[in-house]
Amino acid sequence: MASADGETVTEHEWQAQRRHRNLFRAVYRRTHPRLRRSDITVTDERLVRRAVKAAALGNAMEWFDFGIYSYLAVTIGNVFFPAGTPTARLLASFAAFAIAFLVRPLGGMFFGPLGDRIGRRTVLATTMITMALGTFCIGLIPSHATIGNWAPALLVFFRLIQGFSTGGEYGGAATFMAEYAPDRRRGFFCSFLELGTLAGYVAAATLVTVMTALLGEGTMNDWGWRVPFLAAGPLGLIGVYLRMRLDETPAYLKLEAQHTAPISFEHGNPDARPGKEFRRIFAEQWPALLLCFGLVAAYNINDYMLLSYMPTYLTTKLGYEETHGLVVLLVTMVVLMAVITFVGRLNDRVGRRPLLMAGMAGYFFLSLPAFLLLRQGSLAAVIVGMAMLGFSLVCLLGTMSAALPALFPTEARYGGLAIGYNLATSLFGGTTPLVVTGLISATGTDLMPAYYAMAAALVGMVCVYLMKETAQRPLDGSPPAVATEEEAQELINARFPASPY
């Protein structure tokens, strides 16, 4: 027998529902609460676009800083590590690149919970100015020929500052965008975060390519390498200005108003202590942390493989001219920039999981053919090979920044994402150039990058299979977010359950 709400019940239960209709009606209303208009956030598109611009610029700044180091790896090896063979200098340069990633988890553990406790905006402004300062100071370091071993020591010191500050950047920027965006367009708006990534790389690659072509290798070794690093100073000030003009995210303000968000020490809340907050993330959010770790590890190995290591690979292993390798990558990134927001729109329609699975599967099946084509050396083969890798990467780039914040609830989103993202990036992302260079040297085959990418993609496919679909749904712990009042009323009508009693 079916009850009033369609569930199968016994004769005794059905009679009880008839006799005590008012009681069952009250219970039904309590267990099926009506969605009220005050429960829904109607976003202001003007503010959303400002928030997206500020977060994307910060991400562009981060990857401009890391990009110029990657593209100047050979020059930096010559300036700071002049002893040894070219391979030894390159390994030393990439070791200094990778060392910043050792402290990224520490930065994530510090800035992430802080962003959940005092808000996203202030922490994001702090990470940006610290990152810009570290990059700017690298441009001021005297060469090894001038101050000896103090030069590489200072390089490592400022790289550590960069890494620590970057630990709070991506998780905060992704959280900021995701919490500002309406549910139905979160993929589109969050794709601008990775558009900023590509813009930072393009700016770095363009500047290094133009300067190398105009100044030549000798001048770049003398002083030209400093200019891209010094440019980070004014860019950082612009980014801080844009971020400090924004309000906190609607989701965080809503949570704070409900007194469920962690609050500052002066309010006397014992749950706001950093140690307890940190332990809570690991104790309560460990399934999401593991999933985030696996997704980011797979994604970042392939991301850094293409966007950081590829110019060095093309130059040192395949014999391309240094500027030619940068131009090939530059064209690839411009194409990715042109299509990435379309991928964002697409994952809003079809879901995050199909796009992420397409990207991971693309790397698993296409990496080896792509690197074999790159070895051929002809222009057509290089274009097709880079297109294979670029297609796979853009599926991940345009989707990951919307998928990762949705793994965590609002009160732990910044901290959980910052910790999970940076642990994975530290171990598997920034170490990619160093690991791949070492594997090629140890095995003698220049196809090791393809095998490494395939292994990472296999892990990523498993993680995508295990994750839940989150497209067009509210963030965990956050109220529904819509773009217009009409959408809000439509949502209320769709989700208000008519009582059967």
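**Exercise 1. The whole chain**

What does the accessible surface of the chain come to, and what percentage of it belongs to carbon and sulfur atoms?

*Solution.* First, the ground rules. The model is predicted: local features need pLDDT of at least 70, side-chain atom pairs count only at pLDDT 80 or more, and totals for chains, interfaces and linings use all residues. Residues are numbered from 1 along each chain as its sequence is written, and side-chain values use heavy atoms, with hydrogens and water left out.

Step 1. The accessible surface is about 20,500 Å² (Shrake-Rupley method, 1.4 Å probe; for residues, only the protein chains shown count as cover). Carbon and sulfur atoms hold 65% of that surface.

Step 2. Burial: 54% of the 501 residues count as buried. Buried means under 20% relative accessible area, exposed over 50%, partly exposed in between (1.4 Å probe, protein chains only).

Step 3. Secondary structure: the chain has 23 helices and 2 strands. These are DSSP runs, numbered from the N terminus: helices are H or I with at least four residues, strands E with at least two.

**Exercise 2. Helix α9**

*Solution.* Step 1. Helix α9 covers residues 150-166, 17 residues in total. The expected span is 1.5 Å times one less than the number of residues. That gives 24 Å, and the end C-alpha atoms are 24 Å apart, so the two agree.

Step 1. The buried residues of α9 are Ala151, Pro152, Leu155, Phe158, Arg159, Gln162, Gly163, Ser165 and Thr166. They cover an arc of only 165 degrees around the axis, so they lie on the same side of α9. The arc is that of the directions from the helix axis to the C-beta atoms.

Step 2. The general rule: an α-helix has 3.6 residues a turn, so residues three or four places apart point the same way.
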